[in-house]
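This briefing sets out the fold of the chain and then turns to individual residues. Please consult the sequence and the structure alongside the text.

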Amino acid sequence: MNENIKTIEAPTIEEISSYAFDDCDNLETILLKNCKSISTHAFSHCNSLTSVYLPDNLHDIYAYAFSDCKNLESLSINNLPKGTTTNIADSSFIGCPKLQTIQYRGTIKQFEENESAYIQYKEALKYKSISCDDGTIQF
């Protein structure tokens with residue numbers, strides 16, 4: 001099925017369907033450039049997954065989208081345009097023990113100015129931090 005995929009680089013895909021890459025054991029890196037929605041269990045149980053790069057136009061990360069990705073260490077998000085809303089289910093990153101810091105390509109002020117995104121990431125990433133270009137936000 002998906003066992004030979006190591007990298008997903010998707011510049012034009014707007015939606016990742018439920019279970020699309022579930023149990024994709026060799027998947028290591030995901031680079032999404034235009035994705036607006038990541039559905040339930042889209043990347044769950046991807047045990048080799050270490051890095052995910054999310055676009056600034058992402059609207060939704062549904063429940064368990066990245067659940068049980070035991071080796072996921074790096075989640076990188078672009079500078080979110082002011083007023084952008086990203087809905088992130090609380091359980092999106094459940095079972096990802098190595099994911100402790102999120103890389104945000106922007107400043108602390110830019111991240112905090114986008115209140116809806118700030119609240120969503122804070123709720124979904126309990127006990128973690130966001131590393132910005134100019135410092136770190138601890139949750």
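Read along the sequence, the chain runs β-β-β-β-β-β-β-β-β-α-α-β-β, that is, two helices and eleven strands. Helices (H or I, at least four residues) and strands (E, at least two) are DSSP runs, numbered from the N terminus. The model is predicted: local features need pLDDT of at least 70 and side-chain atom pairs count only at pLDDT 80 or more, while totals for chains, interfaces and linings use all residues. Residues are numbered from 1 along each chain as its sequence is written, and side-chain values use heavy atoms, with hydrogens and water left out.

**Chain as a whole**

- Of the 139 residues, 44% count as buried, where buried means under 20% relative accessible area (1.4 Å probe, protein chains only).
- The accessible surface comes to about 6,800 Å², and carbon and sulfur atoms account for 46% of this surface; the areas come from the Shrake-Rupley method with a 1.4 Å probe.
- Among contacts (heavy atoms within 4.5 Å) between residues at least 6 apart in sequence, 46% join residues at least 24 apart.

**S76**

- S76 is placed in strand 7, which covers residues 74-78.
- The relative accessible area of S76 is 5%, so this residue is buried.
- Leaving aside residues up to four places away in sequence, S76 touches V52, Y53, L54, Q103 and R105.

**F111**

- F111 belongs to helix 1, residues 108-113.
- F111 counts as buried because its relative accessibility is 1%.
- Between F111 and N78 there are 33 residues of sequence separation, and their C-alpha atoms are 10.0 Å apart in space.

Definitions and conventions. Buried means under 20% relative accessible area, exposed over 50%, partly exposed in between (1.4 Å probe, protein chains only).
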